[in-house]
Amino acid sequence: MPTPSVAALPIRRLTLRDLAACADLSENRGWPREEHKWGFLLTAGKGYGIDDPDGGLVSACAVTEYGPHGRPDLAAIGMVLVAERHARQGVGRRLMRHVVSTMGTTPLTLHATPYGRPLYEELGFKVTGQAEMLRGRFTPGGPEAKVATRPATAEDLPAILRLDEEVFGSDRTHIITRLPAFADQLRVAEEHGRIIGYTAAWPNMDTHVVGPLIARDTETAQALIASLAAHTDRPLRTDIDVRHEELLAWAKERGLASVAFNAVMTYGMGDLPGDWSRRFAPLTVAAG
């Protein structure tokens with residue numbers, strides 16, 4: 001029997017059983033395997049993919065929904081990948097059209113590489129911001145932080161959730177409650193017993209990714225990053241909103257170097273909800 005054309009292959013929901021195939025697909029396109037992150041996205045969100053008749057996946061992506069269960073008010077699309085041998089055949093466009101259609105009137109967001117941006121613009125996504133990826137070994141220095149930080153406890157979770165929803169602009173309970181198991185560190189900043197910021201560091205290959213990073217101001221964000229760095233021997237990686245120029249300059253002075261810029265894009269809305277001035281970095285660009 002002839003092999004069916006890629007255009008005729010069905011799109012299906014992915015599950016944790018597809019974790020190795022998703023990691024293989026990442027590797028096929030020159031990305032790290034990132035099994036830890038894929039596992040998180042497939043359990044906290046939804047995966048969509050196309051099976052390759054010869055084994056593995058032709059294409060895959062992850063969608064993370066936010067807001068009331070069953071009635072999301074925002075969704076993030078990430079990890080959009082097409083196997084090398086099926087590239088430039090319209091597979092990514094078909095998968096994205098399916099996701100956009102499936103999400104109906106739910107506003108969408110994604111972080112686009114320069115390579116992917118033309119496709120997303122063709123589908124109606126608009127550039128509303130930019131994030132700069134930094135990576136490197138953090139070097140302590142400068143004045144001692146005046147903001148108090150400490151490891152988060154179970155008792156902190158309600159306050160973290162309230163702060164996160166206020167700043168992010170949508171309910172992320174199903175994401176934030178997974179952080180203690182997903183991340184190697186979860187820390188809070190507090191003042192007079194009130195939590196004014198929080199962050200996490202989660203393992204990704206040989207680095208610790210800093211995110212999410214929610215903070216009252218730049219000084220608080222700096223204290224949180226420094227506190228994470230003090231408790232890891234790995235290089236740090238993070239994606240910071242370019243409007244936070246002071247934090248970016250400070251991070252580069254501390255040893256983190258610019259790696260890439262990604263466009264923040266939205267569909268079905270203008271700017272992202274919430275308070276960008278206190279939203280410094282996402283948990284991962286794949287989840288918005």
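Helices here are DSSP runs of H or I with at least four residues, strands are E runs of at least two, and both are numbered from the N terminus. This is a predicted model, where local features need pLDDT of at least 70, side-chain atom pairs count only at pLDDT 80 or more, and totals for chains, interfaces and linings use all residues. Residues are numbered from 1 along each chain as its sequence is written, and side-chain values use heavy atoms, with hydrogens and water left out.

Is His244 buried or exposed? I get 6% relative accessibility, so His244 counts as buried (under 20% relative accessible area; exposed is over 50%, partly exposed in between, with a 1.4 Å probe and protein chains only).

Next I checked what His244 touches, skipping neighbours within four places in sequence: Trp276, Ser277, Arg279 and Phe280 are in contact with it (heavy atoms within 4.5 Å).

Then I zoomed out. I noted 9 helices and 13 strands in the protein chain. Its radius of gyration is 19 Å, close to the 19 Å from the globule rule for 288 residues, so the chain is as compact as a globular protein of that length (C-alpha atoms; the rule is 2.2 Å times the number of residues to the power 0.38).

Buried residues account for 53% of the 288. I also looked at contacts between residues at least 6 apart in sequence, and 72% of these join residues at least 24 apart.
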